[in-house]
Structures are given as structure tokens and as C-alpha cells.
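This report describes selected features of one protein chain. The structure is shown first, and the description follows.

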Amino acid sequence: MTSGAARVLLRLQERGETLAVAESLTGGLVAAELTSVPGASQAFRGSVTAYATSLKRDVLGVDGALLAERGAVDPAVARSMAAGVRRVLGADWGISTTGVAGPEPQDGKPVGTVFIAVSGPGGVQKVAELRLNGGRADIRKGSVRSLLELLSRELGENARAQDTEQNGGN
């Protein structure tokens, strides 16, 4: 997984941009993966492990009514977590994970249901739903890998769009 983290950090460093992470089911694994890369501090601002639903509301600014109505395992919650950590930690990009690693279902969602999100400059907002198999560790690792892949794709697409704008649309 380190190669995904290294790739993301290199792209961010090349762009002079920063990253913040909001994690729930991954419990700090995304931050650990990023900080395992030498020089990560050039782009990585920090993370919030908002495992408790109240922290999603009180620290990251997720709407309490949304949490009460849909629970923490929801695409809108993932989107709000990513935007919230971006704002709270003053980063260019925010990414998030929320889901059910098991062993029991949560909020009516089966084990393996995960939502990941990216919030970035220019109104970038991406959310993906994952249906992961395996045990708790597999689900958490798969969430980290998928989130870094989603961010990597977004950084690549965003870079191409910026390049096109700078080169007269060609």
C-alpha cells in the first residue's frame, strides 16, 4: 500500500498542495500509511480519527440531523467528513472513510459497506461506495487502498484540467 501513499504525496508535493484525513472505521490506518512515506510532512497536515459519531458532528461539522436520520455509514456523511477535515485542518484536500468493518452490521448496513470521499479545490467532491469482503482487517486495508486510489485518480484528473486551462484549452 505504501506505493499508493507515496504516489499521492508526490503529486501533492509537485502541486504545492496539502492533505488532511478524517477516519472512522480505518481508525488511523490512512494517516499511518501516509506517514510511513519519508517526507510526508511536506504535504500531509494531519488527521482526525472520529470513531464516535458525536466527533463527526462536533469536530468535523457533520450535520447532526443527517447523522440522526441516516447514521454514520452514509455517502453524505463521508462527503461532509472530507469537507470538514479539509476546513478544520486548513488543507487543500480532505479525504474520509466511514463504514462497517464488522463483526456486526451497523445502522442497518451490512459488514463491508464503506463510503470514501474526497473534497478538493474548485468544488471537487467525490464519494464512492465500496462493498468489501473478508474479515475486519481486510475491510479496513481495502478501505485505505481504495481511498488512496480515489484521491490519486482525482489528483490526476485535476492536474490534467489545470494543464489544459494553462495551455489554452488544447
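Strands E3 (93-99) and E4 (113-120) run antiparallel and are joined by six bridges. Helices (H or I, at least four residues) and strands (E, at least two) are DSSP runs, numbered from the N terminus, and two strands pair if DSSP finds at least two bridges between them. The model is predicted: local features need pLDDT of at least 70, side-chain atom pairs count only at pLDDT 80 or more, and totals for chains, interfaces and linings use all residues. Residues are numbered from 1 along each chain as its sequence is written, and side-chain values use heavy atoms, with hydrogens and water left out.

**Strand E4 and its partners**

E4 also pairs with E5, in the antiparallel sense, over eight bridges. The table lists residues that stand opposite each other.

| Residue | Opposite residue |
|---|---|
| Gly99 | Val114 in E4 |
| Ile116 | Ala128 in E5 |

The hairpin of E4 and E5 has three residues between the strands, and Gly122 takes a positive phi near 70 degrees there. Is E4 buried or exposed? Eight of its eight residues are buried, so E4 is largely enclosed by the rest of the structure. Here buried means under 20% relative accessible area, exposed over 50%, and partly exposed in between (1.4 Å probe, protein chains only). Thr113, Phe115, Ala117 and Ser119 point one way from the strand, whereas Val114, Ile116, Val118 and Gly120 point the other way.

With a relative accessible area of 39%, Asp107 is partly exposed.

**Nonpolar cores**

A nonpolar core is a set of buried Ala, Val, Leu, Ile, Met, Phe, Trp, Tyr and Cys residues joined through side-chain atoms within 4.5 Å. The largest one has 30 residues, and Leu19, Leu34, Trp93, Ile95 and Leu151 have the most contacts inside it. Among the elements that each supply at least two residues of this core are E3, E4, strand E5 (124-131) and helix H6 (136-166). H6 gives the largest share, seven residues. A second, separate core of 14 residues includes Val62, Ala72, Val85 and Ala91.

**Gly27**

Gly27 sits in the loop between strand E1 (19-23) and helix H2 (29-35). Its relative accessibility is 38%, so Gly27 counts as partly exposed. Leaving aside residues up to four places away in sequence, Gly27 touches Thr49 and Arg140, where contact means heavy atoms within 4.5 Å. Gly27 and Arg140 are 113 residues apart along the chain, and their C-alpha atoms are separated by 8.6 Å.
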